[in-house]
Amino acid sequence: MREYMRMRMKMRTGWCAAIALGSYLSCAGVQAAMVNLAQIKSGEYLSRAGDCIACHTAVGRPSFAGGLKMMMPFGAIYSTNITPDVETGIGNYSEQDFSRALREGIAKDGHHLYPAMPYPSFSKITDHDVHDLYVYFMYQVPAVRQENRHSDIPFPLNQRFPLALWDNIFAASQTYYSDPQKTADWNRGAYLVQGLGHCGSCHTPRGVGYQEKALDQTSTRYLSGGTLEGWHAPNLRGDTTTGLGQWNEGEISQFLKLGHIERATAFGSMAEVIHNSTQYLSDADRQAIAAYLKSFPADGNFRVQVNDNGTTNRLDNAVASIPGAQLYLDHCADCHLSSGQGETNRYPPLAQNPVVVSDDPSSLINLVLNGSHAPTTQFTPKDIKMPGFSAELDDKEIADVLTFIRHGWGNQARAVTAAQVNEMRKLTAKQSQVSN
């Protein structure tokens, strides 16, 4: 009897052990799944912060499947398929391969990527964030079979081996390290702006080698404004009129969330950034970006502000003898008013507007020629569009009305010429051509 009871106890102990082990393995599996889901969610957020979808998605094609045409100084290139398709995407990339492409600009097969891929900025991304991005792209993004397109850059300029030399000179790969002298907010903002957000790709001027002239705040050139594909990304430094000198942190954060504030509305490429990226950031991250940007001093290009009611008075009294004034009344005043103040949160002011008074009028010319949509967001779904006037107005008429605006209300900016308008007309017409 005692032997029987011992056997029963052993069996019961074995069953309990098996049940306990099964429960442990089950819990471990659930925990692993939760970790993966957390990593996937983090990776999706990081992909939003990096605005990956903007460059790697062509109109009418699946997300991240590539094919978007991008103009380079010597021709066009096409973004690549970064879905986990094994044959045409990155499905056979290891995490190390993924990291090398992302942070060093070198594909799995060893060829160097064009610097339209912002790997000089992405080099600052931490290993932890690279891992989460990898998990997201491999396990959440649907695989799409779509062959990558070769560039339109002619031989011999299409040879990639000189890019290795370019990387050695201009792309110093280094993960972001927090500055202990700065606040946590500042460091988080710096990490996002310098790294994933790659803000310098548009807002920093480029040199003769197509390189960004600075990669962080140690240079006054960093975020001092840059021109790319027909748009001039404005100065984000502390300059009073041409930069963010008059903006506070709350306005910067709101602009990144909604796409507009009382003094400005996003357009062109920035409208896409807000639509695809910054509206999805947390309030804390948008605040961190604002704190970092507001730490920048002016770059030294001061412009004296002048309050001038003369323009408004002339327009109100129908004194339109100045070239461009009647054109303004006919095509612009309904939205932007004779005062140049526009309508709050709908039509931005033209008086003392950084885009209007910029030394580079590219964005202003592009806007009047081709128009632009303001960003639609989850917070502001209504679509607002600035119409284009390329069909209605010739080059001289557009130059005249823009010169009037840049001289009006105390703006004191340089005149726009018909030749500048014609150059932009040709550039944007070329960009809008559908590639076969």
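Me: Which residues of α11 are buried?
Reply: Happy to start there, with the note that this is a predicted model. Helix α11 covers residues 283-293 and is largely enclosed by the rest of the structure, because 8 of its 11 residues are buried. The buried ones are D285, R286, A288, I289, A290, A291, Y292 and L293.

Me: Thanks! Now T377: is it buried or exposed?
Reply: T377 is found in the loop between β7 (372-373) and β8 (385-386). Residues under 20% relative accessible area count as buried. T377 has a value of 6%, so the residue is buried.

Me: Let's turn to the cysteines. How many disulfides does the structure hold?
Reply: A disulfide needs two cysteine sulfur atoms within 2.5 Å. For C55, the closest cysteine sulfur is that of C202 at 8.4 Å, which is too far for a bond. C199 is in no disulfide either, as its nearest cysteine sulfur, again in C202, is 8.8 Å away. The number of disulfides in the structure is 0.

Me: Is C55 buried or partly exposed?
Reply: The cut-off for buried is under 20% relative accessible area, and for exposed over 50%. C199, at 24%, falls in between and is partly exposed. C55 has 32% relative accessibility, so this cysteine too counts as partly exposed.

Me: What is the volume of the largest cavity?
Reply: A search of the whole structure for cavities of 30 Å³ or more finds 1. Its lining is made by P115, P118, P120, W166, F170, S201, R206, Y210, Q211, E212 and L215. By class, that lining has 7 nonpolar, 2 polar and 2 charged residues. The volume of the largest cavity is about 70 Å³.

Me: How far apart in space are S121 and L215, C-alpha to C-alpha?
Reply: S121 sits in helix α4 (residues 119-122), and at 3% relative accessibility it counts as buried. Beyond four places in sequence, S121 is in contact with Q194, G195, H198, S201 and E212; S201 and E212 are also among the residues that line the largest cavity. L215, another of the lining residues, is 94 residues from S121 in sequence, yet the C-alpha to C-alpha distance is 7.3 Å.

Me: Last one: which element gives the most residues to the lining of the second largest pocket?
Reply: The second largest pocket has a volume of about 560 Å³. Of its 25 lining residues, E229, G230, E423, L427 and Q431 are the closest to the centre, and the lining divides into 12 nonpolar, 7 polar and 6 charged residues. The elements that give two or more residues are β1 (69-72), β2 (75-78), β3 (226-228), α16 (362-370) and α18 (418-432). With 6 residues, the element that gives the most is α18.

Methods. Residues are numbered from 1 along each chain as its sequence is written. This is a predicted model: local features need pLDDT of at least 70, side-chain atom pairs count only at pLDDT 80 or more; totals for chains, interfaces and linings use all residues. Side-chain values use heavy atoms; hydrogens and water are left out. Buried means under 20% relative accessible area, exposed over 50%, partly exposed in between (1.4 Å probe, protein chains only). On a 1 Å grid over the protein atoms alone, a cavity is a set of points where a 1.4 Å probe fits but cannot get out, and a pocket is an open set with protein on both sides within 12 Å along at least five of seven lines; lining residues have an atom within 4 Å of a point. Grid points are joined across faces, edges and corners, and a volume is the space filled by probe spheres set on the points. Ala, Val, Leu, Ile, Met, Phe, Trp, Tyr, Cys and Pro count as nonpolar, Asp, Glu, Lys and Arg as charged, and the others, Gly among them, as polar. Helices (H or I, at least four residues) and strands (E, at least two) are DSSP runs, numbered from the N terminus. Contact means heavy atoms within 4.5 Å.
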